[in-house]
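Have the structure open beside you as you read. We'll go through it one part at a time.

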Amino acid sequence: MAADKVDNGLPSTIPYMTARVFTTEAVYNFSVKPHDRHWVRLHFYPSSYNGIAAKGFHFSVSTSTGITLLRNFSVYTYTKALTQAYVIREFSLPPTPAGFLTLTFTPTPMGNETYAFVNGIEVISMPDIFVDPAIMVGFADQTVDIASSTLETMYRFNVGGSYIPPSNDSGLTRNWYDDTPYVYGPTQGVTYRAGPHFQIKYPSETAEYAAPPEVYLGTRSMGSDPRLNQNYNLTWTMPVDGNFTYVARLHFCELLLSRANQRAFDIYVNNKTAQSDADVIGMTSEKGVPLYKDYAAYVSQEPDGQSMWVALHPSVALRPQFYDAILNGLEIFKLNDTAGNLAAPDPEPSRLLAKAEMGAGDHAAHKSKPHPHMARVMGGTAGGAAALGIVAAICVVWYHEKKKREAAASAGGSHASGWLPLYHSYTSNKSSGHLPANLAGMCRHFSFADIKVATKNFSESLVIGVGGFGKVYRGVVDGDTKVAIKRSNPSSEQGVHEFQTEVEMLSKLRHRHLVSLIGFCEDAGEMILVYDYMEHGTLREHLYMGGKPPLSWRKRLDICIGAARGLHYLHTGAKYTIIHRDVKTTNILVDGDWVAKVSDFGLSKSGPTTMNQTHVSTMVKGSFGYLDPEYFRRQQLTDKSDVYSFGVVLFEVLLARPALDPALPREKVSLADYALSCQRNGTLMDVIDPAIKDQIAPECFKKIADTAEKCLAEMSIERPSMGDVLWNLEFALQLQDTFEGGSSGRRTVGDGSGTGRAALEPSNSNGSTASVTTLGTSSTSRAHEACVIMEETDDEVANSAAFSQLVCPTGR
């Protein structure tokens, strides 16, 4: 049957626009290789089919090997709760000696109607990458046999890197996602990549399938400060279903060091020691050789939900040369229980979403009604007329022949939707039912009574801002935690939409330079958002109209770099581009440590979702003075619209005046027009803020002004990407450091023992030729710190001297 509607979030029409619909139990039989494991991927798109409502489908899926994959599964409920356009459930089944595999779809009776459906099935032969047992965390000398288990993929991360599509996988057509949203805590370490000539040396042919080279060529480490590293854990947290055993597969590849005990660390899973003194070089003998380690942990059901935690901490006992830890990739798999079950209850959609739908008046369209075409459905099921509705592909991967493997990889696969790897189905037992499943436990529900106490009954003396959404109050929760509380204005027409957008965006996106959503409240008809408190307020109030001392040029530049990092993450760090649409100095906040945070995601919108899309057609929204003129004329939104707005911000920082000032002469009203005119006439230096004129380095000023000018190009195609803008700002900072006589050479940081310990900073120190590669952003204490990897011509890396300097590459 054909789907009745098309969702823009679908990556392609195949297999999602057609489906096989069942009214009785249906069985698929597949001939498989008896000695091979197999991926089984089930594709679902929650549309109505031939008039059958999307939420009328409830069904179970089981295998001939006695495993229940899904039970009473509602695709409609699942995707709605996780805000997904569609879903892919991925399983790995052990060998079936009988040489065949069956998948049985069984509709769950719902009143007088029983329906099941599926859009696509993949059965893919795979090498046995689960042959070795996993170490059971917390139990000495005990292991878990995963070779004979059925596994469900819950998460798969390219740690420290970006999304890897199935076509770029190592022949197994898997999706690898950015790990950033799941890194826990304010300190997220640093990410870096090897150069284009770095070679990954797989120890065996089967090992090539564990993860593609792209995973091993990048990593996330704790950073270059050994004293800081000893005082925190590099941690990932991932919500999961309760009462199951999980396997955490950690992928490692040393990219910098070459000797044992240069970097050693402890591995913790669910707050228990999984391995002490892990030393990648000690396990592989040389750099560039990948390996993975499997650790198993049982997760019981908890009233407030449950998560898998993975944490790394430097091994202090071994006293390695560098107090640091690394991770290249991370996968989380759920194992079937003793009853052969992998199924868990569907997640619960938030009441917020349901209320928004009812308010729009379209909730009636989702009601299930007696279906008038029952005979047609049964006839189609029995006669096979809907055979085109399913893609049932058996893709045999000949992993001993590289060419055939590459062909299988190029056959591709469907991309999972949304911004995050939402394979899991998380059930929250919280009474609010609001929390997005993927970050349950990180987004808190407040009662209206809590909010009233926090704001002293919304005292006007605590108001710190007023916007189109409503008033923002300073508040205190949990006794001493300062927060910012944004309460909607009941008369605001945009309130419901902005409230929903902010909750969806900020609960899915986590980054050092994006404002953090702590929780929300929608009791008593209220719409209230609770954020981290930004002690220094908005960037604008430190430039003008705030009555505060003027910011130094160095602080202004650091804040701009932080904001650029946040926007760069929005544009590239998620599966699909997120366009902010309202970049301005009042939406750049500054915390107590002067770290910039991009805020106010009420107007944000997902960018193009397919390769052939260049823009999103949408109603023009934003703030005058910052609006991209091309977007305004053509109503075609791209990430370059944010770049234009950020260009205005750069000039605003330089000139310390509003984007629009009607009190000025006509040629000066628009900051963008006036600044561009001055820049092209060579008079911009004459009109910048007098408070910084003597502080800014001439070369730094030129780089910033040129970058801002490029951002304001009339045509979006001529503007730089946000990544290029960030690169230029960081280069401008290096120029400023040079002007101020910034130090270079060996950097040591005290380790608390009275002796200096070398900081691990990738660089070139022994005079050999080197190439600068990807610039990674840091989340350590220096907001502007950057990390680059140099490729040494010598195979061996020198001792601590090899990491003694920060590199100053030339500008673009």
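Before looking at sheets, you need one rule: two strands pair if DSSP finds at least two bridges between them. Keep in mind, too, that this is a predicted model.

Now zoom in on β26. Its partner is strand β30 (residues 517-521); the two run parallel and are joined by two bridges. Across from R444 you'll find G519 in β30.

Strand β16 (residues 218-221) pairs with β23 over two bridges, in the antiparallel sense. In this pairing, R220 is opposite L327 in β23.

## The chain as a whole

Let's step back for a moment. The chain has 17 helices and 41 strands. It's 812 residues long, and 59% of those count as buried.

## Two helices side by side

Next, find helix α12 (residues 639-655) and helix α16 (residues 698-711). They pack at an angle of about 145°, and their axes are 7 Å apart. The crossing of α12 past α16 is left-handed.

Which residues make the contact? On the α12 side they are V643, Y644, G647, L650, F651 and L654, and they meet F701, I704, A705, T707, A708, E709 and C711 in α16. Sorted by type, the contact has ten nonpolar residues, two polar and one charged.

## A serine in a loop

Follow the chain on from α16 and you get to S721, in the loop between α16 and α17 (722-739). S721 counts as partly exposed because its relative accessibility is 30%.

Leaving out residues up to four places away in sequence, S721 touches K640 and V643. Another residue to look at is H571: it's 150 residues from S721 along the chain, yet their C-alpha atoms are separated by 9.0 Å.

## Aromatic rings

A pair of aromatic rings is described by the distance of the centres and the angle of the planes. The model has 27 aromatic pairs. Take Y49 and F57: their ring centres are 6.1 Å apart and their planes meet at 85°, so this pair is edge-to-face. Are these two residues buried or exposed? Both Y49 and F57 are buried.

Y184 and W309 also make an edge-to-face pair, with 4.9 Å centre to centre and 75° between the planes. Y184 belongs to strand β14 (residues 183-184) and W309 to strand β22 (residues 306-314), so the pair ties together parts that are 125 residues apart in sequence. Y184 has 40% relative accessibility, so it counts as partly exposed. W309, at 28%, counts as partly exposed as well.

Finally, look for an aromatic cluster that includes Y49 and F57. Among its other members are F22, Y28, F30, F44, F59, F73 and Y78.

Technical notes
Residues numbered from 1 in each chain as written. Predicted model: local features only at pLDDT ≥ 70, side-chain atom pairs only at ≥ 80, totals over all residues. Heavy atoms only, no water. Axes fitted to C-alpha atoms, helices over the stretch in contact; angles between N-to-C directions. Helix = DSSP H or I, 4+ residues; strand = E, 2+ residues; numbered from the N terminus. Left-handed = near helix turned anticlockwise from the far one by under 90°. Contact = heavy atoms within 4.5 Å. Nonpolar A, V, L, I, M, F, W, Y, C, P; charged D, E, K, R; others polar. Phe/Tyr/Trp six-rings, centres within 6.5 Å; stacked < 30°, edge-to-face > 60°. Buried < 20%, exposed > 50% of the residue type's maximum accessible area, 1.4 Å probe, protein only.
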